Amino acid sequence: MNRYVLCLLLVLGLAVQERVHAQQVFPLENMTLLELLERPDASQGIYMEDTGHRLDKYTGTWEGTFKGYKIKATISQQKKYQVQENPPVFQDRLLMQVRIFDRSGKAVPFISKVIEGEGGGADLQVKRLAPNPMGAVVEEIYQFQFTYGYTGYFLQGTLSNDLGTLSLAYYSAIVLDGSGWAPEFMPRAKEHWVLHRTSRVPPRPADWNPPYRGEYNNPGGGPPPKPGRPSQRP
C-alpha cells in the first residue's frame with residue numbers, strides 16, 4: 001500500500017513539474033494579456049513576470065490632495081498573482097490601497113456605491129530610446145484599475161524623474177451597469193491625482209531618463225528639456 005501511495009505521489013509530482021516547465025514566461029514590459037492569449041501555446045499557462053524589476057520603484061507610501069480631499073496610498077507588489085484559471089495566467093503586478101479623507105478630515109467609507117479602495121495593476125508600457133530596444137527609458141506608464149459594481153475605472157500612473165511624485169491621470173472608464181456614476185474624489189478627463197512619496201525614495205534605475213511629458217502626464221517632472229537635447233533632470 002505504501003509503495004502504491006509513493007508511486008502515485010511521484011506521478012503527480014512529475015505531472016505538476018511538467019506543467020510548471022510548460023508554462024510560458026514572458027516579460028511584463030509591453031505585454032498585454034489579450035495578445036498573449038492569442039498564442040497557440042497559451043493553453044499551457046502564461047506567466048507575465050517583471051523580469052526587469054521595473055515595478056520596484058513604485059512601491060511605498062504616497063500622499064496628495066484633490067478637490068479638497070486628502071489621498072493616502074500604499075503601493076505594494078504581488079508576485080505571480082493569478083489573473084485567471086483557464087488557461088492559467090499569472091502576472092506580477094502592483095496593488096494600490098487608497099484611503100480618502102474629506103475636508104473635515106473624516107475618512108470616506110468605500111461602500112457599495114463608492115469605488116473600492118483597492119486598485120489592481122493592469123498594464124506596464126515602456127518606450128525606450130530608439131533604435132535600441134534595451135536603451136534608456138523615455139516613457140513609462142503603469143495602469144491601475146479601480147472597480148465599483150460592474151464598472152472599471154482606469155488611471156495611468158507616471159513617475160517623475162526623481163521618483164518622488166506619482167501622477168495618476170484619468171484614462172478611461174468601462175460602465176456595464178448603466179449608472180456611469182463616480183465619486184467626486186476620482187479624477188475625470190484631463191484631471192489627475194498628484195501623490196508625493198512619503199516613504200524612502202529608491203535608487204533611480206540606470207536606464208531611467210524619461211523626458212518632461214506635460215502638465216497632466218508628468219506633473220513635478222521638472223522643466224522642459226532644451227531643444228534638441230534630452231532632459232537635464234538629474
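## Strands, rings and a pocket

Analyst: In this predicted model, Tyr153 has 3% relative accessibility and counts as buried.

User: Which residue forms an aromatic pair with Tyr153, edge-to-face?
Analyst: The planes of the two rings are 65° apart. Edge-to-face needs over 60, so the angle qualifies. The ring centres lie 5.5 Å from each other, and the partner is Tyr170.

User: Is Tyr170 buried, partly exposed or exposed?
Analyst: Tyr170 lies in strand 9 (residues 165–175), and Tyr153 in strand 8. The relative accessibility of Tyr170 is 28%. Buried means under 20%, and exposed means over 50%. Tyr170 is therefore partly exposed.

User: In strand 8, what is the bridge partner of Phe146?
Analyst: Strand 7 and strand 8 (residues 151–159) run antiparallel. Seven bridges join them. In strand 8, Phe146 is partnered by Tyr153.

User: How many bridges join strand 6 to strand 7?
Analyst: Strand 6 covers residues 118–128, and strand 7 covers residues 137–148. Gly120 stands opposite Gln145 in strand 7. The two strands run antiparallel, and the number of bridges between them is eight.

User: What kind of aromatic pair do Tyr58 and Tyr142 form?
Analyst: The structure holds five aromatic pairs. Tyr58 and Tyr142 form one of them, at 5.8 Å centre to centre. Their planes are 45° apart.

User: How many residues apart are Tyr58 and Tyr142?
Analyst: Tyr58 is in the loop between strand 2 (46–49) and strand 3 (60–66). Tyr142 is in strand 7. Tyr58 is buried at 0% relative accessible area, and Tyr142 is buried at 1%. The pair links distant parts of the chain, and the separation is 84 residues.

User: Which element gives the most to the lining of the largest pocket?
Analyst: The largest pocket holds about 470 Å³ of space. Of its 20 lining residues, the closest to its centre are Val83, Arg93, Gly121, Ala122 and Gln145. Helix 2 (33–37), strand 4 (69–84), strand 5 (89–101), strand 6 and strand 7 each supply at least two lining residues. Six come from the top contributor, strand 6.

User: How many residues of that lining are charged?
Analyst: The lining includes nine nonpolar residues and seven polar ones. The charged residues number four.

User: Over the face of which residue does Arg93 lie?
Analyst: Elsewhere, the charged end of Lys80 sits over the ring of Phe90, 5.5 Å from its centre. Arg93 lies 3.6 Å from the centre of its ring, which belongs to Tyr81.

Note on methods: Residues are numbered from 1 along each chain as its sequence is written. This is a predicted model: local features need pLDDT of at least 70, side-chain atom pairs count only at pLDDT 80 or more; totals for chains, interfaces and linings use all residues. Side-chain values use heavy atoms; hydrogens and water are left out. Two strands pair if DSSP finds at least two bridges between them. Helices (H or I, at least four residues) and strands (E, at least two) are DSSP runs, numbered from the N terminus. On a 1 Å grid over the protein atoms alone, a cavity is a set of points where a 1.4 Å probe fits but cannot get out, and a pocket is an open set with protein on both sides within 12 Å along at least five of seven lines; lining residues have an atom within 4 Å of a point. Grid points are joined across faces, edges and corners, and a volume is the space filled by probe spheres set on the points. Ala, Val, Leu, Ile, Met, Phe, Trp, Tyr, Cys and Pro count as nonpolar, Asp, Glu, Lys and Arg as charged, and the others, Gly among them, as polar. Rings of Phe, Tyr and Trp (its six-membered ring) pair if their centres lie within 6.5 Å; planes under 30 degrees apart count as stacked, over 60 as edge-to-face and the rest as tilted. Buried means under 20% relative accessible area, exposed over 50%, partly exposed in between (1.4 Å probe, protein chains only). A charge sits over a ring if NZ of Lys or CZ of Arg is within 6 Å of the ring centre and within 35 degrees of the ring normal.
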